[in-house]
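Hello,

Here is the structure I promised to pass on to you. Please have a look at it first, and then read my notes below.

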Amino acid sequence: MRTRVAGALLAVLALTVTAGCASDDGGSAEREPAGRSTTAADRVEPLADTPVPQLPVTVRSSDGRKVTVRDAERIVPLSGSLSEIVFTLGLGDRVVARDITATFAQAEKLPVVTRNHDVSAESVLSLKPDLVLAETTTGPDEAMDQIRDAGVPVLVVDPAKGLEDVGPRIGTVARALGVPAAGEELTKRSEDRIAAVRKDIPKKTDKPRVAFLYLRGTASVYLIGGKDSGATSLLEAAGAVDGGAESGLEKDFTTITTEALTEAAPDAILVMSKGLESVGGIDGLVKIPGVAQTPAGMERRVVSIEDGVLLNYGPRTDEVLKSLVDQLYGDAK
């Protein structure tokens, strides 16, 4: 979760590891059990033409270091969002491992190199990568230093916080891989698709108030998002108001209370699909104190989007936005 929400959930990771990542328990590169169903929507769409990296290149990493990439035959992206970008650029066949948050179909058979959301340096190094892509929240620091000390280039990318980060993150990764033109093409495609979805948002309706709730029922974690949760930009793009942020919640996430929900006064509740499942669906959600008393709870108006893509702010953001708009407005479109 850490990289998917741009670091906003660091404080609750320890509470959710056991409940949410039971399959991610290896200390070395390993594959998850087969059998998890995959829908057509849980796929990335690579560019039509596969680019050929022009290397070496030297780029500046978000941690201030200059990183020289001499080869990109074996890439290890350490977040679902970064994996999504590499695959969509058309270089997925070069990816040799994944972080637990890379859940889309093309990546699911790759070995996982994280344990309880922390990077296993030994697992990464065992795959002999040419390049490791990380986020500023990727850790622990000791593992990342161990990878660097082994001579592997590590490019650190700023985390995604909103729609304005889609293009810059794609561009950063594309330049590091020696395919800047493909990055420009993918950025334009992504931004054009987002713009097309926004044109289809109903113009005559009042702006709905939406509260973003982070739920892990099996770990008794029930949080409401504030202005730094990562959801505000997406909600505003959908023509909605972030109820948590609007009500004055300054932190990224706050424990759900009846008072907080009353202030947020959501017309709809946004949740991650696994979070909703963890509390027993909508029936369980409305049993959380305060939820049933909100307009959203009374109407059982819930918007559920897949965990692995909701806040990635990458090449599939248009799909996320479309799902949000479709669920939020329904017949009003």
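Let me begin with a question: in which loop does Ala-265 lie? Ala-265 belongs to the loop between α9 (258-264) and β12 (268-272). Before going on, please keep in mind that this is a predicted model.

**Backbone geometry**

I picked Ala-265 because its relative accessible area is 27%, which makes it partly exposed, and its phi is near 45 degrees, a positive value in a residue other than glycine. Most residues other than glycine have a negative phi, and most peptide bonds are trans. Arg-300 also has a positive phi, about 50 degrees, although it is not a glycine. You will find Arg-300 in the loop between α12 (295-299) and β13 (302-305). With a relative accessible area of 40%, Arg-300 is partly exposed.

There are cis peptide bonds to look at as well. One joins Leu-55 and Pro-56, with omega at about 10 degrees. Pro-56 sits in the loop between α1 (13-20) and β1 (57-60). Another cis bond runs from Gly-139 to Pro-140, and here omega is near 5 degrees. Pro-140 is part of the loop between β6 (131-135) and α4 (141-149).

Now to helix α2, which spans residues 80-91 and holds Ser-83. Is Ser-83 buried or exposed? Its relative accessible area is 1%, under the 20% cut-off, so Ser-83 counts as buried. Setting aside residues up to four places away in sequence, Ser-83 touches Pro-77, Ala-102 and Phe-104.

How do α2 and α5 lie relative to each other? The axes of α2 and helix α5 (residues 166-176) come within 10 Å and cross at roughly 65 degrees. Angles of 65 to 115 degrees count as roughly perpendicular, and α2 and α5 are therefore roughly perpendicular to each other. The crossing of α2 past α5 is right-handed. On the α2 side, the contact is made by Ser-81, Leu-82, Ile-85, Val-86 and Leu-89, and α5 brings in Arg-169, Ile-170, Val-173 and Ala-174. Sorted by class, this contact of α2 with α5 has seven nonpolar residues, one polar and one charged.

The loop between α2 and β4 (114-115) is where Val-112 is found. Val-112 has a relative accessibility of 3% and so counts as buried.

**The nonpolar cores**

Which residues touch the most other members of the largest nonpolar core? In this core of 64 residues they are Leu-89, Leu-177, Leu-270 and Leu-310. Leu-89 also takes part in the contact between α2 and α5. Beyond its neighbours within four places in sequence, Leu-270 is in contact with Val-210, Ala-211, Phe-212, Leu-213, Leu-235, Val-303, Ile-305, Leu-310 and Leu-324. A second, separate core has 19 residues, and Ala-211, Ile-269, Val-286 and Val-302 are among them.

That is what I have for you. Happy browsing!

Best wishes

Technical notes:
Residues are numbered from 1 along each chain as its sequence is written. This is a predicted model: local features need pLDDT of at least 70, side-chain atom pairs count only at pLDDT 80 or more; totals for chains, interfaces and linings use all residues. Side-chain values use heavy atoms; hydrogens and water are left out. Helices (H or I, at least four residues) and strands (E, at least two) are DSSP runs, numbered from the N terminus. Buried means under 20% relative accessible area, exposed over 50%, partly exposed in between (1.4 Å probe, protein chains only). Contact means heavy atoms within 4.5 Å. Axes are lines fitted to C-alpha atoms, for helices over the stretch in contact, and angles run from 0 to 180 degrees between N-to-C directions. Angles under 35 degrees count as roughly parallel, over 145 as roughly antiparallel, 65 to 115 as roughly perpendicular and the rest as oblique. A crossing is left-handed if the near helix is turned anticlockwise from the far one by less than a right angle, and right-handed if clockwise. Ala, Val, Leu, Ile, Met, Phe, Trp, Tyr, Cys and Pro count as nonpolar, Asp, Glu, Lys and Arg as charged, and the others, Gly among them, as polar. A nonpolar core is a set of buried Ala, Val, Leu, Ile, Met, Phe, Trp, Tyr and Cys residues joined through side-chain atoms within 4.5 Å.
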